[in-house]
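Please have the sequence and the model side by side while reading the paragraphs below.

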Amino acid sequence: MNMANRKKTERNYTKIESMQHFVEKLAKFGDRTAYRYFDRHRNLLSITYRNFSAKCLRQAAGYDAAGLAGKRIAIIGETSIDWVSSYVAAIAAGGIAIPMDRELDLEQIKGFLEFAEADAIVYSHSFNEKFAGLSLDHPTVKLQIPMDPERGTYEDCASILPLARLMDMGADHLAQGYHLPEPGDPDRMTEMLFTSGTTGSSKCVVLSERNILAAVNAACETVDFSANDSIVSVLPIHHTYELCIMLAGLNYGMNIAINDSLKHVLKNFALFKPTGLVLVPLFVSTMNKRIWEEAKKGGKDKVLRAMTKVSRVMRGAKIDVRRQLFKQVTGAFGGNLTKIVCGGAALNPELVDTFAEFGIEIYEGYGITECSPLIAVTPYYAPKKGSVGPAVPCCEVRIDKDHLNEKGYWEGEIQAKGDNVMIGYYKNPEGTAEVFTEDGWFCTGDIGYMDDDGYIFITGRKKYVIISDNGKNVFPEEIEEYLGQLDTIAECVVVGREGADHSLTLTAIVYPQLDKFENAKDHDAVEEAVRAQIKKLNRKLVAYKQIRAVEIRYEPFEKTTSKKIKRHTVS
């Protein structure tokens, strides 16, 4: 086993038993700083654990006073303490939280809200204009809760209740004796999460309170963080990965800073001086490129490479001087960074070695939304190169044996079972049945193997979902729906082409609608027209869903008897 030069540390945390217990527990950290963050005008603020706990309690009381206890509450917007308290309070008050992707277009948001039968929505300032009048004609949403409303926009509208007013109602309700409800059935529906896609192709994952807390407790048990650590939240908060680690960080009593913009991320690292980060591979590779670009600009890239060799030799002699040798490198991230947890997509193993030379350890995790999302984490005290580690304590993993690989291990689909595995897909019993085996194991759709120590190695993707470099899930069917509306395209398949640097390019393979053209044999004209329409379509899509390459073919795709394209034959 490839052992790291670290010992397993004592895990100092208390397991969360319920969201009500979580709110009460946060108060016990007292005046320790929970969050550092910027307001809309970029003033730096902070809140203690005692005050954040009180905020969650007051908001839960406000929900109850507003008739929302036990109801379905959607939350959308940038990462903020209001977002987190809205989520925690919704569940603590006995309701259902519905985190929403803020990058979706308005019609998708409205469609998802209707599908989930959301009763209310809490939203950030950036949605004030978009949601003007939402509750007046939406079939399910009857109450809007803006975090930071524009003045004069809600006084005469009974369906708009500003968060500040809700909090006042909560304070009054507490004064009258309100207490958080007793913990309910841990297997009740507690959270609804939409996978990427249109309202037609997306699935709504239903998690229980047991699912959510099992993953958070497992993160606390397996990730080498403590109350002495500080992190900067960079990833979108509606992602189960970021949200799970956020809750785990609070459960440790960590100092959490919130990054306000990707434009400011390096400036914020320098300000907040994190000891740890939770990232996707795109951030790690971008950080690596930045390090070497800066070194090259200063003519120090050769010196930096020589220093890594010297450091490696000295470490072999039990002398670790990485913090001194690479002070300038680590200084770009605040100077205190020692560890990164990376998940959401495949990570180039070479980056693990590169950052280790700088004194920054990277521990890879593996999960999926349907597993809340945690399945496996690389042990900080015993990593293996290329592995995402063994299953976390709350779940088991097995391999659906397909074939023996060249290393002598059975390889096949990775399947999971445990307290972290979802209840199912909302209003989709057929879809739920498809992803569970007869004996109750969840089928992840990923291919891999386990070694003799139980370490999981992922070798491929069974599903057609494309994991972009920044960890976003891109569902080909969704993009193909958009492309199918273009009159120059008869058939298409969207794939992710991997480049030499392991980056993915979202590529459309297109069979044109040839009868649309006066001269179908003029391939230059055909291809120009197809590319022009796709370029125009891209303007309507978020960046990670935009087609970056187009390949034209002049033969129809091979199809099944039901006229579906045989994707596995597309190369």
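**Helices, core and loops**

In this predicted model, the axes of helix α10 and helix α11 (residues 301-316) come within 7 Å and cross at roughly 125 degrees. Helices are DSSP runs of H or I with at least four residues, strands are runs of E with at least two, and both are numbered from the N terminus. The axes are lines fitted to C-alpha atoms, for helices over the stretch in contact, and the angles run from 0 to 180 degrees between N-to-C directions. α10 and α11 are therefore oblique to each other, where angles under 35 degrees count as roughly parallel, over 145 as roughly antiparallel, 65 to 115 as roughly perpendicular and the rest as oblique. The residues that meet are Ile291, Trp292, Ala295 and Lys296 on the α10 side and Asp301, Leu304 and Arg305 on the α11 side, contact being defined as heavy atoms within 4.5 Å. By class, this contact of α10 with α11 has four nonpolar, no polar and three charged residues; Ala, Val, Leu, Ile, Met, Phe, Trp, Tyr, Cys and Pro count as nonpolar, Asp, Glu, Lys and Arg as charged, and the others, Gly among them, as polar.

Residues are numbered from 1 along each chain as its sequence is written. Because the model is predicted, local features need pLDDT of at least 70 and side-chain atom pairs count only at pLDDT 80 or more, while totals for chains, interfaces and linings use all residues; side-chain values use heavy atoms, with hydrogens and water left out.

Helix α10 (residues 281-297) also meets helix α14 (residues 349-357), and here the axes come within 11 Å and cross at roughly 50 degrees. These two helices are therefore oblique to each other, and their crossing is left-handed, a term used if the near helix is turned anticlockwise from the far one by less than a right angle, whereas clockwise gives right-handed. From α10 the contact takes in Val284, Ser285, Met287, Asn288, Ile291 and Trp292, and from α14 it takes in Leu351, Thr354 and Phe355. The residues of this contact of α10 with α14 divide into six nonpolar, three polar and no charged.

Val284 is buried, at 0% relative accessibility, where buried means under 20% relative accessible area, exposed over 50% and partly exposed in between, with a 1.4 Å probe and protein chains only. Not counting residues up to four places away in sequence, Val284 touches Leu279, Ile340, Cys342, Leu347, Leu351, Phe355 and Ile362. For Val284 and Leu347, a separation of 63 residues in sequence goes with 8.6 Å in space, C-alpha to C-alpha.

Ile340 leads on to the core. Together with Tyr35, Tyr63 and Tyr87, Ile340 touches the most other members among the 121 residues of the largest nonpolar core, such a core being a set of buried Ala, Val, Leu, Ile, Met, Phe, Trp, Tyr and Cys residues joined through side-chain atoms within 4.5 Å. Neighbours within four places in sequence aside, the contacts of Ile340 include Leu277, Leu279, Val284, Met287 and Phe355.

The axes of α7 (residues 209-222) and α8 (residues 240-252) come within 9 Å and cross at roughly 60 degrees, and that makes α7 oblique to α8. The crossing of α7 and α8 is right-handed. Among the residues making the contact are Ile212, Ala215 and Val216 of α7 and Cys244, Ile245 and Leu247 of α8. By class, the contact of α7 with α8 has ten nonpolar, two polar and one charged residues.

Finally, the backbone has some details to look at. Most residues other than glycine have a negative phi, and most peptide bonds are trans. Lys273, in the loop between α9 (265-272) and β11 (276-279), has a positive phi of about 50 degrees although it is not a glycine, and at 40% relative accessibility Lys273 counts as partly exposed. Ser372, which lies in the loop between β13 and β14, likewise has a positive phi, of about 70 degrees, without being a glycine, but Ser372 is buried, with a relative accessible area of 5%. The peptide bond from Ser372 to Pro373 is cis, with omega near -5 degrees, and Pro373 is placed in the loop between β13 (361-367) and β14 (374-377).
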